[in-house]
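User: I would like to learn how to read a structure, feature by feature. Please give me the general idea, then the case at hand.

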Amino acid sequence: DNPTAKSYPNGAQFAGTFDGAGHNLYNLYMESDGKGDAMLGLFASATGTAVIKNFGLINAKIVSKGASDWVGVITCMPGGTLIENIYIKADIERTVAGSGGKPTGGVVGWSNGVTIKNVMLEGSIKLHENYGGHAGAFISGCGGKNVMENCLSMMTITAGKSGAIGLVAGNGVGNITATNVYVVAEGSTYLKDGVAVPMTAGLPTGAKVVTKDQLRDFVAEYTL
């Protein structure tokens, strides 16, 4: 069955260890009804003791129809969570203009501190032309201390004319310590004066943009 996401119960957070043991989860589908603050992600919220690791999330699809929805493919709101050894192939679509500050992230939504290690992304984020929130391939926005190591994104972002949108994170890039983080920016665009132009924003210090050709050259040395 394809579940319809509902608002996450107040105070309920994932606090354990989810170890996929190398298995893959296929065809996850989540769609909000547009009537409330839906939390669209595998885990709506996760605490500082939570560990999420060792699996693939293949051909996931998230459709946000609510202006106040929170979107994070793994979790919408981590707080000190460890996320590691995960491959994500997901398509995210926001069909309405989001309220200011509402997050959209290919891994996590709004982060109050997260560690992301050995994570690879493919797929797409497509935002409404007037989306006013923040969005990023890995992290939508963040405060606190966030760490990224050995990560690669080939996820494309199609943004409109507003919002804080970035190749790694849309907001709070100064709160991210990045080591061996690579992003393929080809295909990611935002609107400027009605014209789609290449996206270059949202790179923390330590993250690098690479072309698809460069990626082919060193992909044999890149180990998740």
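User: Is C142 buried or exposed?

Analyst: Buried means under 20% relative accessible area, exposed over 50%, partly exposed in between (1.4 Å probe, protein chains only). C142 has a relative accessible area of 2%, so C142 is buried. Some ground rules first. This is a predicted model, numbered from 1 along each chain as its sequence is written. Local features need pLDDT of at least 70, side-chain atom pairs count only at pLDDT 80 or more, totals for chains, interfaces and linings use all residues, and side-chain values use heavy atoms, with hydrogens and water left out.

User: How many disulfides does a search of the whole structure find?

Analyst: A disulfide is a covalent bond between the sulfur atoms of two cysteines. The test is a pair of cysteine sulfur atoms within 2.5 Å. Here the search finds zero.

User: What is the mean pLDDT of the protein?

Analyst: pLDDT is the predictor's confidence in each residue, from 0 to 100. The mean here is 89, and 90% of the residues reach 70 or more. Residues 1-11 are below 50; beyond near neighbours in sequence, that stretch has 21 contacts in the model. Contact means heavy atoms within 4.5 Å.

User: Which strands make up the open sheet of five strands?

Analyst: Strands (E, at least two residues) are DSSP runs, numbered from the N terminus. Two strands pair if DSSP finds at least two bridges between them. The order is 3-6-9-12-16, with parallel pairing. Strand 3 (39-40) and strand 16 (164-166) are the edges, each pairing on one side only. Strand 3 meets strand 6 (residues 70-72) over two parallel bridges.

User: How many bridges join strand 14 and strand 18?

Analyst: Seven, in the parallel sense, between strand 14 (residues 146-153) and strand 18 (residues 176-184). S153 has V183 of strand 18 as its bridge partner. Strand 18 also runs parallel to strand 21 (residues 207-210), joined by four bridges. There, V184 stands opposite V210.

User: Where does T81 lie, and what is its side chain doing?

Analyst: T81 lies in strand 8. T81 is buried, at 0% relative accessibility. A polar atom of the T81 side chain is 2.8 Å from the backbone oxygen of T47. Leaving aside neighbours within four places in sequence, T81 contacts residues including A46, T47, I52 and V114.

User: How many aromatic pairs does a search of the whole structure find?

Analyst: Rings of Phe, Tyr and Trp (its six-membered ring) pair if their centres lie within 6.5 Å; planes under 30 degrees apart are stacked, over 60 edge-to-face, the rest tilted. The search finds three pairs. F18 and F55 are edge-to-face, 5.3 Å centre to centre, with 85 degrees between the planes. F18 is in strand 1 (residues 17-26) and F55 in strand 5 (residues 51-64), so the pair ties together parts 37 residues apart in sequence. F18 is partly exposed at 35%, whereas F55 is buried at 7%. Ring pairs link F14, F18, F43 and F55 into a cluster.

Technical notes
Polar contact = N/O pair within 3.5 Å; in protein donor to acceptor, adjacent residues only side chain to side chain.
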